[in-house]
Amino acid sequence: MAKGRYIKNAERACAGKAKFATAYEAEQTAEWRYGAYQCPVCHQFHLTSRNGGAATTPLPEKPGKPKETGPKLADLDWSAALDPQPKPPRPTKPRKPKPPPEPPTRAARCLDRPGKDHRVRLVVDGVIVKSAPIRDLTLRSILTGGTVVKVSSTDPPAVIATL
């Protein structure tokens, strides 16, 4: 293998590794599970597992304050997390009632004017029938013999409109 090729591969491998200024800093960052070595390319320290997890430097006690420990999880108050307040029910929008479906309609022909009972004789599908009482005054006034109207399919048929 050529010398230039080794340097390029080493530089590429070194670029992907974490770099530390001292071996102590590298091993402390890895919580003493890995060893550290000085890289021949960048002259900084990288982590290695070749020593079987044994640190290359002894585990010195760092001078300074003793490490403060916070409360343990068992000592914390978990009542808010365990017993959440029930959420109020979400308000629902009132639903609009659907209008009743319109009965099917068909065409009919008036035979004469409405009588005193406000009903008119109609020819519906070739059969002469009397309509239901017509409540609309304007509709009642324009009905004459021969007028074509739209009627409902109910029994008796109700006059809906003129055609």
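## A nonpolar surface patch

L73, L76 and W78 form a nonpolar patch on the surface. Together they have about 320 Å² of accessible area. This is a predicted model.

L76 sits in the loop between β2 (45-48) and α3 (79-82). Its relative accessible area is 37%, so L76 is partly exposed. Patch members need over 30% relative accessible area.

How many disulfides does the structure hold? The count is 0. Look at C14 and C42. The closest cysteine sulfur to that of C14 belongs to C42, 3.4 Å away. A disulfide needs two cysteine sulfur atoms within 2.5 Å. The C14 and C42 sulfurs are therefore too far apart for a bond. From the side of C42, the nearest cysteine sulfur is that of C14, and C42 is in no disulfide.

Are these cysteines buried or exposed? C14 has 5% relative accessibility, so C14 counts as buried. C42 has 25%, so C42 counts as partly exposed. The cut-off for buried is under 20%.

## The whole protein

The protein has 4 helices and 7 strands. Starting at the N terminus, the order is α-α-β-β-α-β-β-β-α-β-β.

The protein has 163 residues, and 20% of them count as buried.

Among contacts between residues at least 6 apart, 43% join residues at least 24 apart.

Terms used
Residues are numbered from 1 along each chain as its sequence is written. This is a predicted model: local features need pLDDT of at least 70, side-chain atom pairs count only at pLDDT 80 or more; totals for chains, interfaces and linings use all residues. Side-chain values use heavy atoms; hydrogens and water are left out. Patches are made of residues with over 30% relative accessible area and no salt bridge: like charges are joined within 9 Å, nonpolar side chains (Val, Leu, Ile, Met, Phe, Trp, Tyr) within 5 Å. Accessible areas come from the Shrake-Rupley method with a 1.4 Å probe; for residues, only the protein chains shown count as cover. A salt bridge is a side-chain nitrogen of Lys or Arg within 4 Å of a carboxyl oxygen of Asp or Glu. Helices (H or I, at least four residues) and strands (E, at least two) are DSSP runs, numbered from the N terminus. Buried means under 20% relative accessible area, exposed over 50%, partly exposed in between (1.4 Å probe, protein chains only). Contact means heavy atoms within 4.5 Å.
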